[in-house]
Amino acid sequence: MTTRIVELRQGILKKNDELARDLRQRFTSAGVLVLNLVSSPGTGKTAFLERTLRDLRQRGARVAALVGDLETDNDARRLAASGAPVRQINTHGICHLEAEMVGKHLADWHGVDIAALDYLFIENVGNLVCPSSYDLGEKIRVALLSVTEGEDKPLKYPTLFNSADAAVITKMDIAEAVGFERDTALHNIREIRPGIRIFETSAKTGSGMEEWLDFLAAARENQSREATSVVG
Amino acid sequence: MHELSIISSVVESVIDSLAAYPGARVIEVRLRVGALSAVVEDSLQFCFELATRDTPLEGSKLVVKIVPVMVHCTACGADGELESLQSFRCPHCGEPATDVRQGRELEIEAIEIEEAEEPVRT
């Protein structure tokens, strides 16, 4: 018997990363800005997304959403009230979405053509750990934190917050009532992800939404400009 | 707990790579895991034992090498190891560090195998 060391040096999530890269190329050339929303369960991702879809539609944007949950299609039904096409992804026990699930649900989504969209939102499974390892082909990963969760959450989950491109604080309308320490929360987010854009929002009152929607529009324009310069 | 998904990918990749070594048995699987990769070594070990059952990897040892987080400082130009995951700052000058150069790895570095006594000649 002889033993031998075989060097592999390959990414464990190579398959997911390759699928995500293909999706990102497709999204960019289709001109759709794709966002991956990640937070703990109960942060208010769905309420925030519901408001975002509604407000974007009012601005005349073409939007759609994929919603990940372990079970049930409650969130998809809730979001469909915005008038936007919404599709549920049930992971049946898996704690995060993977690029393959996104690709599969886009491929057979009747009546939805990504080339005819301006924005596609992917609401990840409520979890601050596992989704951070899985690229879904998104342009922007958004970490959400509610005022009820504790200002030190970014410090407890640095991997996720450090991988985010934007942060959203939700439920600002009850910040005072729950004794939310705003400065501490902002400091902690920036300590983990220096320079990140932070949006302080309330899906209920609509505060902070204008700034968020402007950011989305600018990000989409940026993406189109990048895509054109690559082709040119 | 996505360690089972991660380990399942490892097992799949290792089995694929064994195609070049017919009859070989896996002795050891070596991973490089970044300190910022959100996986827990104990969970990896636990899942590895479960996921390798009835595969050519059964009974093999999982060796996990943790890769520290290295940042490049755009302010002072130095590279350094992050002192704390709770503060992304340059270890030399203390300025915020946005350029993470290392620490997110999730890689299969190598496998150690025991080849079959009479290799199939082609």
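Between chain B and chain A, 18 residue pairs are in polar contact, counting pairs in which both residues have pLDDT of 80 or more. The model is a predicted one, and the values reported here are computed from it. On the side of chain B that touches chain A, α1, β1 (25-34) and β6 each supply at least two residues. The largest share of that side comes from β6(B), with ten residues. Divided by class, the residues of chain B that touch chain A comprise 18 nonpolar, nine polar and ten charged.

In terms of contacts, 37 residues of chain B meet 30 residues of chain A. The size of an interface is often expressed as the accessible area lost when the parts come together. For chain B and chain A this buried area is about 3,100 Å², and carbon and sulfur atoms give 56% of it. Within chain B, the residues that lose the most area to chain A are H2(B), Q86(B) and E115(B), which together account for 16% of what that side buries.

Side chains of opposite charge can pair when their charged atoms come close. Over all chains, the structure holds 27 salt bridges. Two salt bridges are found across the interface of chain B and chain A. A salt bridge joins the side chains of R4(A) and E115(B), with an N to O distance of 2.9 Å. E115(B) is also among the residues of chain B that lose the most area to chain A.

The largest pocket has a volume of about 470 Å³. It is lined by 21 residues, of which D17(A), S132(A), S133(A), D135(A) and R104(B) are the closest to its centre. Two elements give two or more residues to this lining: α1 (14-30) of chain A and β6 (106-115) of chain B. By class, the lining of the largest pocket consists of five nonpolar, six polar and ten charged residues.

The second largest pocket has a volume of about 380 Å³. Its lining is made up of 18 residues, and those closest to the centre are I12(A), K15(A), N16(A), S9(B) and E12(B). In chain A, β1 (2-11), α1 and α4 (99-107) each give two or more residues to the lining of the second largest pocket, as does α1 (3-17) in chain B. The largest share, six residues, comes from α1(B). The lining of the second largest pocket divides into five nonpolar, seven polar and six charged residues.

One cavity of 30 Å³ or more is counted, and the largest cavity holds about 30 Å³ of space. The residues that line the largest cavity are R24(A), F27(A), T28(A), V34(A), G137(A), E138(A), K139(A) and Q223(A). Three residues of this lining come from α1(A), which provides the largest share. The classes represented in the lining of the largest cavity are two nonpolar, three polar and three charged residues.

A further local feature concerns M172(A), which is located in the loop between β7 (166-170) and α7 (182-192) of chain A. Beyond its neighbours within four places in sequence, M172(A) is in contact with V147(A), F180(A), E200(A), T201(A) and S202(A).

Note on methods. Residues numbered from 1 in each chain as written. Chains lettered and ligands numbered in written order. Predicted model: local features only at pLDDT ≥ 70, side-chain atom pairs only at ≥ 80, totals over all residues. Heavy atoms only, no water. 1 Å grid on protein atoms, 1.4 Å probe; cavity = no way out; pocket = protein on both sides within 12 Å on 5 of 7 lines; lining within 4 Å. Points joined across faces, edges and corners; volume = space filled by probe spheres on them. Helix = DSSP H or I, 4+ residues; strand = E, 2+ residues; numbered from the N terminus. Nonpolar A, V, L, I, M, F, W, Y, C, P; charged D, E, K, R; others polar. Contact = heavy atoms within 4.5 Å. Buried area = accessible area lost by both parts, 1.4 Å probe. Salt bridge = Lys/Arg side-chain N within 4 Å of Asp/Glu carboxyl O. Polar contact = N/O pair within 3.5 Å; in protein donor to acceptor, adjacent residues only side chain to side chain.
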